[in-house]
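Hi everyone, thanks for coming. Let me put the structure up, and then we can walk through a few of its side chains together.

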Amino acid sequence: MSSTFFPPRPKVEPKIYAYEDTNPQYAGLLKIGYTTKDVRERVAQQYPTLRPGERPYRIVLEEPAIRSDGTGFTDHDVHRMLRINGIPQAGG
């Protein structure tokens, strides 16, 4: 069979990430997200206005969104576990 009949699957590496906004009003809060893209690119999309100086955020976690059994999970699963463990969610 021709390899063009079954094109290769794109390599997807899902990630869970967390970042903090460096604005003092958000001190102590983390934003948790999920992406199949580069984490730095994904977080930068959430800050569309470029400004001089330091980035207005700091990425504190970047891990594969894959369990040890090979199944995946998303940020929704992380949020659910945080709620189960009594960690409050601030805002949206």
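Let me begin with a definition: a patch here is built from residues with over 30% relative accessible area and no salt bridge, joining like charges within 9 Å and nonpolar side chains (Val, Leu, Ile, Met, Phe, Trp, Tyr) within 5 Å. Areas come from the Shrake-Rupley method with a 1.4 Å probe, and for residues only the protein chains shown count as cover. This is a predicted model, where local features need pLDDT of at least 70, side-chain atom pairs count only at pLDDT 80 or more, and totals for chains, interfaces and linings use all residues. Residues are numbered from 1 along each chain as its sequence is written, and side-chain values use heavy atoms, without hydrogens and water.

So, which residues make the nonpolar surface patch? Leu30, Val60 and Leu61 do, over about 240 Å². Val60 sits in strand E3, residues 57–64 (strands are DSSP runs of at least two residues, E; helices are H or I runs of at least four; both are numbered from the N terminus).

Now the salt bridges, meaning a Lys or Arg side-chain nitrogen within 4 Å of a carboxyl oxygen of Asp or Glu. The count is five. In one, Glu20 and Arg58 bring their closest N and O atoms to 2.7 Å. Glu20 belongs to strand E1 (residues 15–21) and Arg58 to E3, so this pair ties together parts 38 residues apart in sequence.

Arg40 and Glu62 also pair up, at 3.1 Å from N to O. That one connects helix H1 (residues 39–45) with E3, 22 residues apart. Both residues join Lys15 and Asp38 in a salt-bridge network.
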